[in-house]
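The paragraphs below lead through a structure one region at a time, with each term defined where it is first needed. Please keep the sequence and the coordinates at hand while reading.

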Amino acid sequence: MRGVTRREMFGLAAAAGAGIVAGSPGTSAGANPPAAPREPVAMLYDTTRCTGCKACMPACAEANGLEPDTAMSGGIWQMPLDLNAQTKNVIKLWQSDDGSEWSFVKRQCMHCLDPACVSGCPFGALEKSPLDGVVGWEPSLCIGCRYCEVACPFDIPKFEWNKFNPKIVKCQFCDHRLADGLQPACTAACPVEAVIFGSRDALLADAHARIDAAPGKYFAERVYGEHDAGGTQVLYLSHVPFEDIGLPTLSTVSNPEYARKWPRRMYKWLWGPLAIYGLVAGVVQRRWQKHEREAHRLERETGLREQL
Amino acid sequence: MINYWQRGVPVWQVRYLTVSFAGLSVVAVVGLALAALRMVSPLGPFSGMSDMYAWGVWKTFNVMTLTAFGSAGFSVGIATWVLGHQRLHAVMRTAILVSLLFYGTGLLALGVDVGRVWNFYNILFPWRWNTDSAMFEVALCMPLYAFLFLAFENVPYVLERIWATGGPVARRRIRAVEPFLRRIYPFMIAGAYVLPAMHQSSLGALLSLAGAKVHPLWQTPWLPVLYLIQAVVCGFAATIFALMTACLYWKRPIDVSILSELADLLSKTIFLWLGLRLADVAWRHELGAAVALDSYSVIFLAENVGLLVPALVFRSRRLRETPRVLYNMTTLAGLASLLYRFAPTTLAFRPGGPHDVYFPSVPELLIMCGWIALAIVGFSLAVKTFAILPAPIEAWDRLIAVARADHPEWRLDVHGNPTDD
């Protein structure tokens with residue numbers, strides 16, 4: 001009886017030690033995919049409206065206290081080539097090989113409904129607000145493992161490679177401005193409403209109305225981000241193929257949903273590891289007793305002590 | 001055939017300081033010094049990593065690849081304590097030492113790699129755990145395994161040495177803790193087989209989240225299972241390789257029969273892995289990509305042929321009992337395994353555009369090599385100090401005879417046991 005109790009005790013101790021308590025209710029391990037935010041905010045960007053004036057870029061830098069990236073211009077003006085550790089928002093130009101087709105594109109965090117960065121972040125430094133769905137970063141929880149960069153299908157999070165206290169830099173939807181009842185700096189700065197701010201439902205309706213109003217104008221007659229990667233809170237309308245402006249072709253099932261499926265089943269209440277532990281411990285315990293008897297016999301016969 | 005290897009015997013009557021030992025120590029010290037410098041500096045100047053290739057060789061090689069070889073204790077342990085291959089007890093100490101060294105240096109590499117290591121204390125607060133994250137699973141499970149379970153497995157030979165050569169107080173204390181260690185031993189080693197199964201599969205699961213960035217020949221829902229079985233393959237290969245290399249280097253006799261048993265297990269595990277790997281690729285209709293002969297296909301073929309050939313060769317008892325064949329084929333299997341564990345993290349990892357490339361910088365490589373050199377130096381020191389490498393019983397008798405003559409104050413009997421204990 002004591003042996004059984006002890007075994008159970010070790011099982012529990014190992015469980016507490018291993019501590020992979022996936023499946024505990026009320027924490028991050030909920031539905032797969034997780035419930036949508038209650039009042040998701042959104043941005044809608046339309047390539048046919050953007051004039052490439054880049055007013056949104058300094059507005060973003062100013063609102064977020066980012067030092068302008070002036071490396072390419074020899075220190076004269078802000079001129080990032082792409083998103084980087086100083087740039088959370090960028091306007092890029094795409095041209096076809098023969099130059100006949102072109103488009104501007106605005107890039108920033110897509111604020112996915114089921115973000116890979118949040119799913120992979122070991123201590124929840126990246127978190128999606130259950131209210132407005134903004135994906136934010138909390139410095140005190142981040143160990144700098146950069147799994148978010150590996151996981152993000154849009155290659156959005158950037159790491160401050162040249163700082164001793166490096167931060168993860170990415171658009172946080174100007175959540176400090178949202179808290180003050182303002183809209184994000186980029187949408188506020190845009191002079192032609194190429195990028196607009198609103199609730200996700202309203203902007204999706206708006207986007208579909210634009211598609212319906214002008215058949216043939218938009219690529220594939222669809223809104224990028226409505227279902228792509230499981231849905232995003234930044235939506236795109238484009239007159240050129242999405243791939244061309246850097247928006248990858250992704251499944252409507254998010255990577256996290258696919259990645260979570262089996263681990264969640266195996267680790268639910270730790271039943272998988274505990275079952276294997278029980279099985280292994282049972283077998284090992286029997287072999288161990290036999291091994292001990294054999295070791296004692298050999299020690300009596302030869303005088304040699306067993307070497308574990 | 002008699003069981004030639006019977007007992008762990010230290011590598012004795014050799015000098016600690018040799019030319020190769022000094023050379024490796026220099027590599028280790030350079031690596032450690034650079035790593036220390038990195039801890040007080042940003043990551044950028046020390047590595048070739050970028051936002052696209054955010055993981056460099058410290059993670060992808062020292063951790064994700066080399067801890068597979070650190071699964072030696074896992075593989076041999078399961079074969080011995082679970083599957084009942086009794087004779088492999090003779091090589092257990094070598095296997096767990098290899099494990100401790102690869103895991104220990106891998107975790108050190110991880111500590112240098114993460115950018116905000118001071119926030120790791122968050123692991124103490126369960127309500128901050130993201131239990132969906134494979135990275136969290138690795139971050140919790142791997143240190144727990146290395147510093148608790150694996151360290152525990154490595155305790156007996158240390159105590160044995162102190163017991164044989166220490167003073168009366170030390171001997172009494174060891175006598176006092178021994179019954180406790182024996183009581184928890186089977187439960188601890190059972191834990192030492194569950195935890196690697198968890199984190200070695202999680203290392204594969206890490207890549208699930210990267211989706212299409214990992215080439216379809218490697219990206220599969222079976223990645224965790226393939227990574228786990230591959231860890232077992234690597235564990236057997238690392239054990240054979242470490243034993244044979246050590247025996248060749250220090251001119252100790254080898255036991256072809258035990259090595260052949262390991263090779264047999266290695267071969268069977270490879271067949272299991274290859275079957276699963278090929279079935280998965282076929283099931284996902286990627287066989288075309290496998291034989292396309294582009295760079296990815298070449299890596300894929302190199303992995304699989306590099307594993308298939310040793311697995312086939314080892315089906316012949318005569319061949320696997322031929323030391324040269326055994327050594328060369330194990331090395332080939334080890335290299336192919338290494339390629340499989342490394343490829344999806346780097347060679348077959350394709351973020352962003354075709355212009356994004358990653359090649360480790362010089363300090364990054366020096367630190368990487370430093371960890372490996374540190375492990376080899378540690379191995380050399382350990383096998384010269386403790387009774388780890390297996391040897392015939394006569395070697396033990398000779399060791400004790402010399403120890404009794406040189407150190408009468410230890411008061412050892414002819415079997416090496418303290419007479420006053």
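Within the largest nonpolar core, which has 208 residues, the members that touch the most others are A:L235, B:V233, B:I240 and B:L266. A nonpolar core is here a set of buried Ala, Val, Leu, Ile, Met, Phe, Trp, Tyr and Cys residues joined through C-beta atoms within 7 Å, and a residue is buried if 20 or more other C-beta atoms lie within 10 Å of its own, exposed if 12 or fewer, and partly exposed in between, with C-beta atoms placed from the backbone. Helix α9 of chain B (residues 223–249) gives the largest share of this core, 17 residues; helices (H or I, at least four residues) and strands (E, at least two) are DSSP runs, numbered from the N terminus. With neighbours within four places in sequence left aside, B:I240 is in contact with B:L259, B:L262, B:A263, B:L266, B:L326 and B:T330, where contact requires C-beta atoms, placed from the backbone, to lie within 7 Å.

The model is predicted, so local features need pLDDT of at least 70 and side-chain atom pairs count only at pLDDT 80 or more, whereas totals for chains, interfaces and linings use all residues. Residues are numbered from 1 along each chain as its sequence is written, while chains are lettered from A and ligands numbered from 1 in the order in which they are written.

In chain A, three strands form an open sheet of mixed pairing in the order β8-β1-β9, two strands being paired if DSSP finds at least two bridges between them. Because β8 (195–199) and β9 (234–237) of chain A stand at the edges with a single partner strand each, one side of each is left without a neighbour in the sheet. Neighbouring strands of this sheet are turned by 25 degrees against each other on average, direction ignored; axes are lines fitted to C-alpha atoms, for helices over the stretch in contact, and angles run from 0 to 180 degrees between N-to-C directions. The pairing of β1(A), residues 41–46, with β9(A) is parallel and runs over four bridges, and A:D46 stands opposite A:L237 in β9(A). Helix α7 of chain A (residues 200–213) packs on the sheet, where it touches β1, β8 and β9 of chain A, and its direction makes about 130 degrees with that of β8(A).

Elsewhere in chain A, strands β2 (residues 90–95) and β3 (residues 102–107) pair in the antiparallel sense over six bridges. These strands, β2(A) and β3(A), form a hairpin with six residues between them, and A:G99 in the turn has a positive phi of about 80 degrees. Along this pairing, A:V90 stands opposite A:R107, and A:K92 stands opposite A:V105.

A:C148 lies in helix α4 of chain A and counts as buried because it has 28 C-beta neighbours inside 10 Å. Although A:C148 and A:C117 are 31 residues apart in sequence, their C-alpha atoms are 4.2 Å apart in space.

Where the chains meet, 61 residues of chain A are in contact with 59 residues of chain B. The largest share of the side of chain A that touches chain B, 10 residues, comes from α9(A).

Definitions and conventions:
Two residues are in contact if their C-beta atoms, placed from the backbone, lie within 7 Å.
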